[in-house]
Amino acid sequence: MGVQHVKADEPVADVVAVLEADGVVIVDGLLDDDLLARFNAELDPLLERARPDDGRFVNQAVAGFFGDKTRHVVGVAGKSPVFAAEVMTNPVLRGVCDEVLLPNCARYQLNLAHVMDRGPGSVRQWPHRDELVWNQLPTPHPEVQVASVIALVDFTADNGATVVVPGSHRWDDRDRQPTDDEWVAAEMPAGSAVVYLGSTIHAGGSNTTDGWRRGMHLSFCLGWLRTEENQYLATPLEVARTLPRDAQELLGYAAHDAIATGGGYLGTVEVQDPVELIARGEL
Ligand SMILES: O=C(O)CCC(=O)C(=O)O
Ligand SMILES: [Fe+2]
């Protein structure tokens with residue numbers, strides 16, 4: 001079984017249909033050439049300054065997961081205006097999240113924005129489901145996460161394209177390990193993205209070439225979950241104020257108001273919606 005491709009200008013419903021059936025889909029042409037070039041230009045100096053692999057992570061296990069040959073730019077929404085205003089808010093990604101996440105929350109939010117420039121000699125990550133950051137959620141549960149890796153250079157099986165296991169989102173046995181023939185490399189040209197559910201098994205691939213595999217890992221999650229990356233600190237208020245409102249909302253500066261569906265509210269300031277306070281110049 002391969003990974004099905006849908007073009008970015010085809011109906012979002014087609015993307016969602018494949019995503020729900022297979023747990024993964026490649027969206028071709030998610031970023032057009034102009035946006036891709038502007039985003040890469042903004043990332044170039046950030047990657048040049050990217051911290052050396054000194055192994056400083058929240059937990060030592062993370063060092064093993066990423067390996068020591070990857071350059072990281074994290075908290076990208078706070079560092080790249082192009083990302084915050086034009087990539088994170090991409091209409092296809094929004095459309096997918098509207099369909100997959102919105103039934104389970106009052107609003108969804110950015111979970112993670114992390115450029116992984118995987119260098120020559122990078123070895124494959126271990127198989128994982130991204131949603132295991134919330135490992136105490138009982139299963140089965142409604143979809144909690146839509147994840148993606150945008151190819152910022154061409155992704156090939158040799159340079160470390162993300163590898164995925166289509167159908168694994170439906171496996172009842174959560175301990176089942178994929179066999180070699182169940183893995184597929186998400187080969188795609190720069191500007192395309194592999195989009196997968198939080199429950200789909202995947203990994204960063206091994207890079208046996210002498211080039212760098214630049215990928216933008218971004219994911220969204222339900223608005224009532226704690227995000228993997230602390231977006232309020234990664235994109236502090238001074239920066240958030242300069243961004244469009246939809247970006248502020250995705251970064252978690254909007255309240256999660258579930259009162260209309262019989263719930264309560266989360267994330268207020270002065271019992272008000274912070275994004276409104278920002279709009280009125282009161283925050
Ligand atoms: O870089 C990739 O291709 C995937 C990265 C990934 O799955 C992760 O860091 O959770
Ligand atoms: Fe992952």
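User: Buried means under 20% relative accessible area, exposed means over 50%, and partly exposed covers what lies in between (1.4 Å probe, protein chains only). What is the relative accessibility of Cys-105?

Analyst: This is a predicted model in which local features need pLDDT of at least 70 and side-chain atom pairs count only at pLDDT 80 or more, while totals for chains, interfaces and linings use all residues. Residues are numbered from 1 along each chain as its sequence is written, chains are lettered from A and ligands numbered from 1 in the order in which they are written, and side-chain values use heavy atoms, with hydrogens and water left out. Cys-105 counts as buried because its relative accessibility is 12%.

User: How many disulfides does the structure hold?

Analyst: A disulfide is a covalent bond between the sulfur atoms of two cysteines. Here a pair of cysteine sulfur atoms must lie within 2.5 Å to count as one. The number of disulfides in the structure is 0.

User: Which cysteine has the sulfur nearest to that of Cys-105?

Analyst: For Cys-97, which is in no disulfide, the nearest cysteine sulfur is 9.0 Å away and belongs to Cys-105. Cys-97 is buried because its relative accessible area is 0%. Cys-105 is in no disulfide either. At 8.4 Å from Cys-105, the nearest cysteine sulfur is that of Cys-221.

User: How many residues apart in sequence are the parts that the pair Asp-130 and His-202 ties together?

Analyst: Helices (H or I, at least four residues) and strands (E, at least two) are DSSP runs, numbered from the N terminus. Asp-130, at 9% relative accessible area, is buried, and His-202, at 3% relative accessibility, counts as buried. Asp-130 lies in the loop between strand 4 (108–118) and strand 5 (145–151) and His-202 in strand 9 (residues 202–203), so the separation of the parts they tie together is 72 residues.

User: How many bridges join strand 4 to strand 10?

Analyst: Strand 4 is mostly covered, with 11 of its 11 residues buried. Strand 3 (residues 70–74) pairs with strand 4 in the antiparallel sense over 5 bridges, and His-72 stands opposite Met-116 in strand 4. On strand 10 (residues 213–222), Cys-221 stands opposite Gln-109. Strand 4 and strand 10 run antiparallel, and the number of bridges joining them is 10.

User: Which residues are joined by a cis peptide bond?

Analyst: Most residues other than glycine have a negative phi, and most peptide bonds are trans. The loop between strand 4 and strand 5 includes Pro-140. The cis peptide bond has omega of about 0° and joins Thr-139 and Pro-140.

User: What is the phi of Val-271?

Analyst: Both Glu-270 and Val-271 lie in the loop between strand 12 and helix 10 (274–279). Glu-270 is exposed because its relative accessibility is 66%, and Val-271 is exposed because its value is 62%. The phi of Glu-270 is positive and near 55°. Val-271 is not a glycine, yet its phi is positive too, at about 55°.

User: How many residues of helix 9 are buried?

Analyst: Among the buried residues of helix 9 are Ala-247, Leu-250 and Tyr-253. Helix 9 (residues 245–253) is largely enclosed by the rest of the structure, because its buried residues number 7 of the 9.

Definitions and conventions: Two strands pair if DSSP finds at least two bridges between them.
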